[in-house]
Amino acid sequence: MYTQSMDVPSDEVSASPALSDAEASATFDARCARGEFIEAKDWMPAPYRQTLVRQISQHAHSEIVGMLPEGNWLTRAPSLKRKTILLAKVQDEGGHGLYLYAAAETLGTSRDDLIAALHSGRAKYSSIFNYPTPTWADIGVIGWLVDGAAIMNQVPLCRCSYGPYARAMIRICREESFHQRQGFDLLHTLMQGTAAQQAMVQDAVNRWWWPVLMMFGPPDQDSPHAETSVKWGIKRISNDDLRQKFVDAIVEQAAVLGVTLPDPGLKWNAARGAHDFSPIDWTEFWQVVNGHGPCNRERLAARVAAYDEGAWVREAALAYADKQAARQAAAVTPATERRSPP
Ligand SMILES: [Fe+2]
Ligand SMILES: [Fe+2]
C-alpha cells in the first residue's frame, strides 16, 4: 500500500527545523524542480497541501460517484459475461476511491471531513457523472471515452510530485486500461450487430462526445490553479494539450469502430500535425459543475442514501476492531496481573 510513505524517513527540509519559511520554501521548490517525490512527513507549503487535498479528494469523489451511472446497468447487462465484466469494473472504481481517500488522508484531512464535503455539495466531482445512462451502449461509451479520457488525464499523475498520490495512480491506471478496453470491446460487438444496435451506439457517442471533451477542464487560459500546479510538479501536461492528445487518439479508434464523432469541424490539420475541432460550449460545463446537470441531484442523493444505509456496517466494523484490540491487550497482560484477588 502506498500509505507506507507515512514511515519514510524525513527529508533534508523536515530534518532541519531551524530553516526559515523562505528557506524551506526555496528548498521545497528545488526538490520539485529536480523531480523528487514529496512524502507525507516532509515539509510542504500550505497551498501545496491544500491543492493536493482538493485535487485528490475531488478525484476520489469522482471514482465513487462514477460507480452510479454504470451500477444502473448491473442488473440489466445482456449476458453473464458482460455482467461479470461490469461488476469487476464498478468494483475497481470503488477501490480507486478508497486508494485516493487514503492518499488524501496522508495530508492530514480525515475521511469523514472529505465525505461530509461531498455530501454537503461543497466538494466537486467530475461533471461527466451527472449525465444519464439510458441505454446499454452508454456503458460501452463510458468505458471507451470516459475511461479513455481518465487515462489521458491520469497517466501523467503517476509522475506527480506527491509520492502517495503518484503511487496510487500507477495501480489505478493499470485498471483503467482494462476499463477502456472492455468499453471498446462492448461497442465493437454492438457495431457488428443489427442496424438498431449500431444506431444505439451512434446515439450514445453523440450524447457523450462533448461532455467527455469537457472532462479535461476549462481552457488553459481559464484554469485557475494551473501555474502553481505545474511549478510544483502536480500537473505535468496542460488541459488543452491533454484534450488534443485525446482527440487525436480517438479519431482513429472511432474509424475502427465505424462510428462518427459528432463534430462537423473535426478535421486533420497537416500544418499542426493534429486534428482541429469545434469550440466547446463551456456554458454547459459550468452549469453542470455548479449543480445543474441532468443528474446532479440524483447522484448526490444516491451517495448520501448509501452512506446512511451503510452506517450499521461502519459501527459493526468499529465494534469488532475494539473487541479485537481488547482481546490483544488481554493476551499481552501477564497472567498474574489478570488473576482476581482472593
Ligand atoms: Fe477509476
Ligand atoms: Fe475506470
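Keep in mind that the model is predicted.

Let's start with the iron ion, ligand 1. Which residues are its protein donors? They are E63, E93, H96 and E176. The glutamates each give an OE atom, and H96 gives ND1. The donors lie 2.0 to 2.2 Å from the iron ion.

Now the spacing along the chain. The donors of ligand 1 follow E-x29-E-x2-H-x79-E. Look at two of them, E63 and H96. E63 sits in helix 2, residues 46-65, and H96 sits in helix 4, residues 80-105, so this pair ties together parts that are 33 residues apart in sequence.

Are these two buried or exposed? E63 has 6% relative accessibility, so E63 counts as buried. H96 is at 0%, so H96 counts as buried too. The cut-off for buried is under 20%.

Next, the geometry. The site of ligand 1 is irregular, with angles of 85 to 146° among its four donor atoms. A tetrahedral call needs all angles between 85 and 135 degrees.

Last stop, K245. This lysine lies in helix 10, residues 239-257. K245 is partly exposed, with a relative accessible area of 44%. Take W43 as a reference point. K245 and W43 are 202 residues apart in sequence. In space they are 35 Å apart, C-alpha to C-alpha.

Notes. Residues numbered from 1 in each chain as written. Chains lettered and ligands numbered in written order. Predicted model: local features only at pLDDT ≥ 70, side-chain atom pairs only at ≥ 80, totals over all residues. Heavy atoms only, no water. Donors = N, O, S within 2.8 Å, 3.2 Å for Na, K, Ca; no water. Tetrahedral: all angles 85-135°; square planar, octahedral: opposite > 155°, others 65-115°. Helix = DSSP H or I, 4+ residues; strand = E, 2+ residues; numbered from the N terminus. Buried < 20%, exposed > 50% of the residue type's maximum accessible area, 1.4 Å probe, protein only.
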